[in-house]
Amino acid sequence: MEYSIALRGVSKFFGNRQVLKDISLDVSVGKITGFVGPDGSGKTTLMRVISGLERPDSGAGRCYSFDVFREAEQIRQISSDMSQNISLSDNLTVKENLLFLAKARNVPYAQRRIDCLTDTLDLTHLSDECVLHLTKALKLRVSLAASLLHSPAILMLDEPTAGIATGARREFWERLERLAAGKMTILVSTHYSDEAERCHHLVRMNNGRLLTSGSAQEVVHSLGLATFAIRGPDLLKLKYQFSDLLEVEQTVIFRHTLYVTGRCCDSLLSNIRMLPLRYKVEQVSSVLAASVTAGQMSS
Ligand SMILES: Nc1ncnc2c1ncn2[C@@H]1O[C@H](COP(=O)(O)OP(=O)(O)O)[C@@H](O)[C@H]1O
Ligand SMILES: [Mg+2]
């Protein structure tokens with residue numbers, strides 16, 4: 001497999017506080033790697049180390065052909081940090097914003113590149129719209145266009161869809177999948193379990209450590225979580241009853257089905273068995289509703 005990122009025993013301190021502890025990670029080209037874990041667990045710092053924005057203190061690491069210790073500048077040339085660097089000007093149009101940012105980054109044939117991106121990202125009809133008038137979801141799409149101006153090999157997205165409606169999030173992720181199919185390496189942190197499920201590779205972190213890394217299914221399996229899909233009346237009431245249980249990590253209603261995810265223990269199973277017959281229950285292996293950060297995710 002062709003690895004775009006390879007870290008070995010990477011550590012990072014802020015002052016005397018160690019925020020990354022002995023991280024080893026391989027990410028292959030053209031994959032979406034998701035970083036999940038509670039706030040403060042080191043997701044942003046790790047993605048910044050990989051993107052050349054933060055220098056680690058010890059260990060070894062490469063990002064494409066560059067060394068994360070000595071060639072951060074080169075890494076920054078081939079990466080893009082959508083969340084931090086792109087500030088769109090509200091009082092400029094979409095086109096003006098992109099042109100301004102393209103000039104700032106010395107993008108060759110800027111106008112042609114912008115036309116191409118606005119076309120691929122379905123933004124052409126909004127080119128002359130003032131950014132101020134765009135919805136949050138559309139602004140996100142313009143930010144994506146801006147972050148792709150210099151054709152990066154690695155795209156880093158730090159909780160890009162926080163606060164955006166489910167439908168628009170899904171649409172955004174379809175775009176990310178298309179970019180990954182075009183060999184772009186995508187690093188993304190998220191608190192949404194449906195997004196975690198869409199990642200090709202999932203990295204679960206806590207307190208500066210990498211706890212698990214693998215496919216979404218592997219990560220959920222390693223947590224010993226089980227998910228039950230329940231259909232029947234009054235799902236909202238049932239959702240609240242289940243969410244009161246200590247072993248339940250997450251309850252999500254999606255398409256007239258309640259997904260209850262929890263540690264697979266006797267107590268959860270007996271509560272499921274006690275449901276009246278009018279409820280249809282099925283254990284699902286899908287990670288759709290499985291909480292991959294043990295209670296830290298919402299949906
Ligand atoms: N520039 C910084 N200076 C000092 N401490 C920082 C800095 N950035 C992050 N931290 C600390 O490092 C830890 C990990 O932060 P972060 O990587 O942002 O975690 P996450 O993205 O998972 O929320 C936190 O305790 C945070 O307070
Ligand atoms: Mg963060």
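A salt bridge is a side-chain nitrogen of Lys or Arg within 4 Å of a carboxyl oxygen of Asp or Glu. By this rule the count here comes to 13 salt bridges.

Before we start: this is a predicted model, where local features need pLDDT of at least 70, side-chain atom pairs count only at pLDDT 80 or more, and totals for chains, interfaces and linings use all residues. Residues are numbered from 1 along each chain as its sequence is written, chains are lettered from A and ligands numbered from 1 in the order in which they are written, and side-chain values use heavy atoms, with hydrogens and water left out.

**Exercise 1. Find what the side chain of Arg 141 meets in Glu 171, and say where the two residues sit.**

Step 1. Start with the general idea: side chains of opposite charge can pair when their charged atoms come close.

Step 2. Look at the two side chains: Arg 141 and Glu 171 form a salt bridge, at 3.2 Å from N to O. Arg 141 belongs to helix H6 (residues 136–147) and Glu 171 to helix H7 (residues 166–181), so this pair links distant parts of the chain, 30 residues apart. Helices (H or I, at least four residues) and strands (E, at least two) are DSSP runs, numbered from the N terminus.

Step 3. Check the accessibility. Buried means under 20% relative accessible area, exposed over 50%, and partly exposed in between (1.4 Å probe, protein chains only). Arg 141 has 13%, so it is buried, while Glu 171 has 25%, so it is partly exposed.

Step 4. Widen the view: Asp 122, Arg 141, Glu 171 and Arg 175 are linked in a network of salt bridges.

**Exercise 2. Work out which parts of the chain the pair Arg 169 and Asp 194 ties together.**

Step 1. Their side chains meet in a salt bridge, with 3.1 Å from N to O.

Step 2. Arg 169 lies in helix H7 and Asp 194 in helix H8 (residues 193–198), so the pair ties together parts that are 25 residues apart in sequence.

Step 3. Both ends are hidden away: Arg 169 is buried, and so is Asp 194.

**Exercise 3. Decide how the axes of H4 and H6 cross.**

Step 1. Axes are lines fitted to C-alpha atoms, for helices over the stretch in contact, and angles run from 0 to 180 degrees between N-to-C directions. The axes of helix H4 (residues 94–104) and H6 come within 10 Å and cross at roughly 30°.

Step 2. Angles under 35 degrees count as roughly parallel, over 145 as roughly antiparallel, 65 to 115 as roughly perpendicular and the rest as oblique. H4 and H6 are therefore roughly parallel to each other.

Step 3. Now find the touching residues, where contact means heavy atoms within 4.5 Å. Val 94, Leu 98 and Leu 101 of H4 meet Val 142, Ala 145 and Ala 146 of H6.

**Exercise 4. Describe how E12 and E13 pair.**

Step 1. Two strands pair if DSSP finds at least two bridges between them. Strand E12 (residues 248–254) and strand E13 (residues 257–263) have 6 bridges, in the antiparallel sense.

Step 2. Phe 254 stands opposite Thr 257 in E13.

Step 3. The hairpin has 2 residues between its strands, and Arg 255 takes a positive phi near 50°.
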